[in-house]
Amino acid sequence: MVVAIYAVFALISYVKSIIVNKNVVMINEKIKTNYVLQTLASLSSRDKDFESENLSFFMNDLKLLETNYWRQIFSLLGAVVTTVGTLGYAFYSDVKLALIFIAFMVIPSISPKLFSKSIQKKTEMWSQTNKGLSRTVRDLFHGAQLLKRYKSINNTSSSLNQSVSRMEKSNAGLNIRLALSNSVIGFLFFIFSYVPMGIGVYWTIINRITLSQFVAIQYSSTWILNGFNTMVSSYNTINGTKQIRKNILEKEQLKTGLKEKFSQPRTQPFKELTLENVSCKYDEKAIFSHVDLGVKSGEKVLISGPSGIGKSSLIRLILKELKIDTGTLRINGGSYSQEEAYDIFAVVEQSPVVFEKSILYNVTLGNNASDENVVSALLEAGLPEFGNYESLHKIVGENGRNLSGGQLKRLEIARALFFNHKVLLVDEGTASLDVKTSIQIHKLLLTNNQLTIIEVDHHIPDQIRDLYTSRYILTKDGLQRDS
Ligand SMILES: Nc1ncnc2c1ncn2[C@@H]1O[C@H](COP(=O)(O)OP(=O)(O)OP(=O)(O)O)[C@@H](O)[C@H]1O
């Protein structure tokens, strides 16, 4: 009989574990996918360390949320069911003694309040030190080849060790605080369970209750005690994840905000971009002012200027990724939003952004498209080697390592052509290429009548300077014509 009961308990515990784990998989699938999508949508130009901080949150904080929130919720639910069931049995045996047991359970239940602030603080510290460690490790992996070439790998050990140590110490600190809090709760429950037990013994002696009633309540009190203890400990652990849940919620609200804006696009055929008396400032540092510029559809404009004068910043102002300090920006004579800017402008950057996927994906970014359209964009961008149906599925590799610099640049241009973005903002787009490839790519862009080009660069080969409609030099006090 006893063996059978134990077998049933073992089976229940196994089934419970299956149910909990399947639910955790379901919840994690939803939360992790949503978190990444929300984070992508909520990107703002003010975000610093966007990649490492969000990766750290994704890998560490969401894992902590699983352990200290979702699994605790299931444990809490299990404890509620056990406690309510056992309480029913205790009430059935003797109402008054059961009430006394409950009354004494209430006092230790309040104890987590004493620890809740410090646990939340320790969780936040753990989260911050994890982000710091992610930044350090990402930087080191990124620079692995360089460190190896300069034989400097060993020099990184002390700062790496410090970063690991900070994270591990804050992790241990959090676990120790949780353990302390749960031990105090366990101790209080133990102490407070003695008083009702004493009352039960006394009532049995004076025949207020029968011995069997007392034994029944005493047995159920152990379950009630354990149940309450689990509930309070779980609640305590769940409380520590407040900040993580708040962060997820904030991301969700940001995404909803963006969604509303996305739902009302006002795309219009591009005719003209005008900048009037535009100035740019970072915090209190003035970068440039009095910039006036007019660019009509089909024109090719070159803006050069010394390093650090603000050429890239000017591109970001046009994209509305940076706020202008003074002046006005207009498209076709009217103001425009960042969403509208994204429908019109495409950016060709110094380091092309590619995903470790196929050529097809890198052109379409997952949007539905006929192979024909993709092939035509690749051919137009000067990539005949990929302009056939088999090559569309070639994988470009991590950071596009299977492609040459020139091919990556053309891939970026093919993407802009595929999305039909007629104005290309080229930010030192060919600076990393050899002169011959740079000239080839420039000729491709500058002779395309469909495209409007605004390029910022200060090492344009002489052979192609005359292909621009107009050329300017950016100075602190505005644009000057470059004769
Ligand atoms: N996010 C930022 N916060 C504060 N200052 C910045 C920021 N981005 C750029 N700056 C500063 O603004 C100035 C202009 O930078 P920007 O990159 O626009 O120049 P640039 O002309 O494109 O330079 P380069 O030719 O070297 O690429 C620089 O002094 C730079 O340090």
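**Ground rules.** I'm working with a predicted model, where local features need pLDDT of at least 70 and side-chain atom pairs count only at pLDDT 80 or more, while totals for chains, interfaces and linings use all residues. Residues are numbered from 1 along each chain as its sequence is written. Helices (H or I, at least four residues) and strands (E, at least two) are DSSP runs, numbered from the N terminus.

**The sheet.** In what order do the 6 strands of the open sheet run? I read off E5-E6-E7-E3-E8-E9, with mixed pairing. For the record, two strands pair if DSSP finds at least two bridges between them. E5 and E9 (478–481) stand at the edges with a single partner strand each, so one side of each has no neighbour in the sheet. From one strand to the next, the twist averages 25° (axes are lines fitted to C-alpha atoms, for helices over the stretch in contact, and angles run from 0 to 180 degrees between N-to-C directions).

Next I went through some pairs. E3 (residues 300–304) and E7 (residues 452–456) are parallel, with 4 bridges; there I found Val301 bridged to Ile454 in E7. E3 also pairs in the parallel sense with E8 (residues 470–475), over 4 bridges, and Ile303 has Tyr472 in E8 as its bridge partner. E8 and E9 are antiparallel, over 4 bridges.

**The ligand.** Which residues surround the ligand? I listed Tyr282, Ile287, Gly305, Ser307, Gly308, Ile309, Gly310, Lys311, Ser312 and Ser313. To count as near, a residue needs its C-beta atom, placed from the backbone, within 6 Å of the molecule. Helix H9 (residues 311–318) gives the largest share of this shell, 3 residues. Sorted by class, I get 3 nonpolar, 6 polar and 1 charged. In this sorting Ala, Val, Leu, Ile, Met, Phe, Trp, Tyr, Cys and Pro are nonpolar, Asp, Glu, Lys and Arg are charged, and the others, Gly among them, are polar.

**Helix H13.** I checked its length first. At 1.5 Å a residue, the 14 residues of H13 (residues 405–418) should span 20 Å, and the end C-alpha atoms are 20 Å apart, which agrees. The expected span is 1.5 Å times one less than the number of residues.

Is H13 largely enclosed or left open? I found 12 of its 14 residues buried, so the rest of the structure largely encloses H13. Buried means 20 or more other C-beta atoms within 10 Å of a residue's own, exposed means 12 or fewer, and partly exposed is in between, with C-beta atoms placed from the backbone. Among the buried ones are Leu408, Leu411 and Phe418. The cover includes E5 (345–348), H12 (371–380) and H14 (435–446), judged by contact, meaning C-beta atoms placed from the backbone within 7 Å. After H13 comes Asn420, with a positive phi near 60°.

His290 isn't a glycine, yet its phi is positive, about 55°. I located His290 in strand E2 (residues 285–296); it is partly exposed, with 15 other C-beta atoms within 10 Å. Leu365, also no glycine, has a positive phi of about 50°. Leu365 sits in the loop between H11 and H12 and is exposed, with 12 other C-beta atoms within 10 Å.

Notes:
Two residues are in contact if their C-beta atoms, placed from the backbone, lie within 7 Å.
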